[in-house]
Amino acid sequence: MSVDLEMEEILKVFFEESFEGLDTMESSLLTLGDGSDREMINTIFRAAHSIKGGAGTFDFGEISEFTHSVETLLDEMRNGVRGVTPEALHVLLQAVDVIREMMQSAQAKQPIVMIGANALSGELARILAQKAPPAGAAQPTAAAAAAHRPGPSAQNIGRPLIGAGAAPVRTPTGPFEGWLIEFVPDESLFQTCNDPLRIFDELANLGALDVTANTDRVPQLSDLEPTQCLLSWTLRLHGAVEHARVAEVFDWVDANSSITYEPLHANSQPASTTAAAPAATSAATTAATTAAPPRPAAPRAAAPSDSSPAAPAPAAAKSGAESGSLRVATEKVDALINLVGELVITQSMLGRFGERYEPQDIELLRRSLAQLARNTRELQESVMQIRMLPIGFSFNRFPRLVHDLSRKLGKKVELKLSGENTELDKTVLEKISDPLVHLVRNALDHGLEMPEQRLAAGKGEIGTLELNAYHEGGNIIIEVKDDGAGLNKDRILSKARERGLVDPDVQLSDESIYNLIFLAGFSTAETVSDVSGRGVGMDVVRRNINDLGGHVQIFSARGQGSTMRIRLPLTLAILEGQVLRVGKEIYVASLVSIIETVQSTRETLSCVAGRTELFKHRDDYLPIIRLHDLFGIEPDSRDITDGLLVVLEADGRRVAMLVDELLAQQQVVIKSLETNFKQVPGLAGATIHGDGTVALILDVPGLVRTFLERQSTQIGRAA
Amino acid sequence: MSNQQLAEKDSPRTPPTGIASADVGAQQYLSFFLGGQEYAIDILRVQEIKGWDTVTRVPYSPDYILGVINLRGSIVPVIDLRVRFSLPNAAYDAATVIIVVHVAGARAERIVGVVVDAVSDVYSISGDSIQPAPDVVGSVTDMFVMGLASLESKLVIVLDIERVVTTSVLGDSKAAA
């Protein structure tokens with residue numbers, strides 16, 4: 001049953017559309033909680049319906065069967081027979097997870113994971129069996145209620161993915177795997193213009209088909225009568241297809257042939273079916289051992305792997321399919337096409353000069369070249385634009401996460417998203433998602449209080465969690481903001497002292513105290529939950545963000561909540577830079593790290609122990625880094641008041657860096673120093689100026705570290 | 001005997017034996033001047049020769065690393081061999097050139113510029129005509145010298161450019177002192 005490449009393509013589209021549909025279902029289900037909107041239910045229903053249809057077409061019987069029961073429930077909601085209850089919503093959300101998981105295994109050409117489906121289908125059946133109150137009785141504030149009232153279902157189901165053999169209930173539709181068909185045609189089959197191949201093709205449309213030909217009756221070639229059909233076949237049709245539909249295929253031949261149908265059950269599958277799919281066997285056996293008897297996933301393996309001789313490594317398909325592609329808005333592609341069109345025109349203009357050049361054409365040539373330069377620049381910008389994705393891609397997962405978590409923690413949370421359309425580089429987007437999830441979980445677990453506590457504190461019962469993204473200068477700012485309890489400074493500090501992270505007599509600023517939570521292994525949580533509290537994570541969060549060239553800041557007020565503010569560069573390849581000069585040397589500092597630049601006066605300068613120079617900036621005393629000393633350059637002047645002090649921030653520490661002059665602010669392309677040279681302390685890379693010379697890019701955090709190390713070795717005690 | 005003849009007929013690209021034997025072990029070397037002395041390096045290591053260019057100084061680098069240049073978009077370090085070999089008065093004039101060489105790096109090939117007084121010639125030197133350097137040469141240069149070659153009554157020092165470049169770029173550079 002070889003399915004050609006075209007089929008593979010169609011399958012791919014099916015999976016893409018289905019995952020999209022599942023996302024739609026999920027987000028709609030979450031908004032549905034806020035009030036039962038008829039149109040919304042329709043949307044969900046349609047998505048479920050097309051998944052069911054598609055899965056049936058492509059012979060993913062389990063998926064279509066499971067989706068069918070989901071669809072039934074949705075249909076009842078749609079028709080107003082059943083109200084939108086939080087319980088039903090919760091089950092539906094879990095069903096979305098289950099379908100997604102089944103889809104993923106199907107996509108990876110693995111046996112379909114039935115554990116979740118088995119566990120949940122019982123729950124679905126139970127809900128369907130209930131004579132539920134009609135829609136009118138549904139609570140309008142269902143989301144809040146969902147968070148508040150765990151309901152009986154939560155205990156019963158648990159997490160559907162973990163509940164291995166928990167409740168393997170048969171669905172009412174009956175879980176048969178397909179049909180075993182013995183087809184012994186009459187000898188005159190060919191003469192009646194029937195082609196068994198066509199019949200088999202028809203059958204294959206209903207589900208994956210294994211065909212075994214029985215050649216016992218076929219005589220020696222010398223005795224063979226070609227018009228006689230002496231073959232018979234044993235057919236295995238995998239897929240929950242109704243008998244009538246199978247019988248229909250044989251309509252034309254059944255009068256003269258002997259056809260027996262036997263429903264196939266999972267248990268009766270011979271081992272050879274799985275053996276036919278070696279790539280899937282290991283997964284199949286694990287599935288079979290963990291899954292409960294009624295519907296082990298193993299036989300499923302035969303269908304997808306049979307149909308894909310062209311894909312020798314099906315297991316690898318999944319990971320490859322996920323990361324390699326980029327979803328680009330059509331307008332961006334259109335803009336690119338326009339630009340390429342212009343480029344072609346410019347090229348033809350220039351091409352003319354190559355054929356015949358008259359001296360008076362020089363002006364025209366110049367103009368064409370200028371146009372070429374413009375086209376190139378615009379093209380470059382547009383191509384860079386393609387890598388930019390709205391942060392909504394990352395934000396989208398949070399409604400669900402917050403919904404599930406708040407339910408689990410028994411907290412009432414309202415999630416507010418804003419700035420979803422803010423765009424940032426794909427690489428940055430991918431790497432920021434996990435830290436964001438971590439921050440959101442933290443805010444939910446530690447930040448927001450239980451409803452009673454909130455009421456006691458004179459706040460509204462429902463906590464607010466805000467996710468906010470916006471551009472600021474050349475950066476993107478992402479804020480995770482809650483109106484919870486805020487960070488407990490005293491507890492953090494005492495914990496830190498307890499663990500010897502801070503010396504007992506050291507006084508720390510608020511910000512330094514908050515930054516303690518980024519230390520590895522630091523946790524003030526009294527209990528370790530599976531949500532957070534192990535002290536793993538915040539250090540990873542900060543490291544990830546720093547790796548991206550960004551940094552994270554904490555603002556917190558006791559009793560009013562906290563804000564985590566992440567500042568990131570827009571892209572990794574291009575840096576918004578401030579060009580500065582020390583003596584004859586030109587450096588570029590990332591604008592992200594520059595707080596401000598000031599001219600100092602004598603009054604603001606002081607010197608500690610004759611060595612450490614300090615600059616009084618507002619209420620802080622900042623150590624002064626003399627870049628010329630650090631890099632061994634001859635500056636214009638060694639007098640601090642002659643130069644400029646650039647206030648830099650790195651790793652939560654501020655320093656003032658002495659430079660001679662500030663030059664332009666410009667975007668620079670970051671080039672690696674390491675490729676041909678090596679890493680240099682204090683430098684993040686190099687870039688090329690318009691005139692072709694190289695300028696070095698300062699690595700501000702590294703610079704601060706280098707400086708502090710030198711200070712401490714000079715002064716002879718740890719800073 | 002007849003087998004060999006057959007083999008030669010079967011492979012028409014085999015060059016006539018006379019020329020082949022003359023070329024055995026002979027390699028081409030690019031020679032250049034450093035403080036009046038002629039040095040040679042394996043020409044296969046040479047990517048290009050370019051004129052003197054503005055070099056951007058890199059902090060924490062030894063004095064013989066002049067800095068980095070922009071070579072068509074890549075950042076390439078430049079070593080002044082005259083400073084590396086402690087030769088006096090390394091002047092930069094019209095003849096000063098940068099020989100761009102490529103050597104094996106940690107991950108990929110490393111491209112490095114080498115400043116010399118002037119490029120001289122290309123020689124074909126057979127392997128057996130390179131004599132090992134006598135121990136007396138001493139000092140920094142010692143470890144970089146592959147051997148000495150006498151060509152038309154003059155002495156050319158053959159350098160192990162790979163070693164020169166790798167140790168210079170990675171080696172004894174002093175960090176913040």
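**View 1. Surroundings of Ile697(A) in the predicted model**. Leaving aside residues up to four places away in sequence, Ile697(A) touches Leu575(A), Gly577(A), Val588(A), Val668(A), Ile670(A), Leu683(A), Ala684(A), Gly685(A), Ala686(A) and Thr687(A); contact means that C-beta atoms, placed from the backbone, lie within 7 Å. Met657(A), Ile697(A) and Val68(B) have the most contacts inside the largest nonpolar core, which has 78 residues. Such a core is a set of buried Ala, Val, Leu, Ile, Met, Phe, Trp, Tyr and Cys residues joined through C-beta atoms within 7 Å. A residue is buried if 20 or more other C-beta atoms lie within 10 Å of its own, exposed if 12 or fewer, and partly exposed in between. A second, separate core of 43 residues includes Leu30(A), Ile44(A), Met102(A) and Ile112(A).

This is a predicted model, in which local features need pLDDT of at least 70 and side-chain atom pairs count only at pLDDT 80 or more, while totals for chains, interfaces and linings use all residues. Residues are numbered from 1 along each chain as its sequence is written, and chains are lettered from A and ligands numbered from 1 in the order in which they are written.

**View 2. Packing of helix 3 and helix 4 of chain A**. Helix 3 (residues 61–78) and helix 4 (residues 86–107) of chain A pack at an angle of about 160°, their axes 10 Å apart. Helices (H or I, at least four residues) and strands (E, at least two) are DSSP runs, numbered from the N terminus; axes are lines fitted to C-alpha atoms over the stretch in contact, with angles from 0 to 180 degrees between N-to-C directions. Helix 3 and helix 4 of chain A are therefore roughly antiparallel (angles over 145 degrees). Among the residues making the contact are Phe66(A) and Val70(A) of helix 3 of chain A and Leu92(A) and Met102(A) of helix 4 of chain A.

**View 3. Side of chain B that touches chain A**. Here 21 residues of chain B are in contact with 22 residues of chain A. Strand 4 (65–71), strand 5 (74–80), strand 7 (109–116) and helix 5 (161–170) of chain B each supply at least two residues of this side of chain B. The largest share, 4 residues, comes from strand 5 of chain B.

**View 4. Positive phi at Arg618(A) and Ser86(B)**. Arg618(A), with phi near 50°, is in the loop between strand 16 (612–617) and strand 17 (620–626) of chain A. Arg618(A) is exposed, with 7 other C-beta atoms within 10 Å. Ser86(B) has a phi of about 55° and is found in the loop between helix 3 (81–84) and strand 6 (97–104) of chain B. Ser86(B) counts as exposed, with 11 C-beta neighbours inside 10 Å.

Key:
Two residues are in contact if their C-beta atoms, placed from the backbone, lie within 7 Å. Angles under 35 degrees count as roughly parallel, over 145 as roughly antiparallel, 65 to 115 as roughly perpendicular and the rest as oblique.
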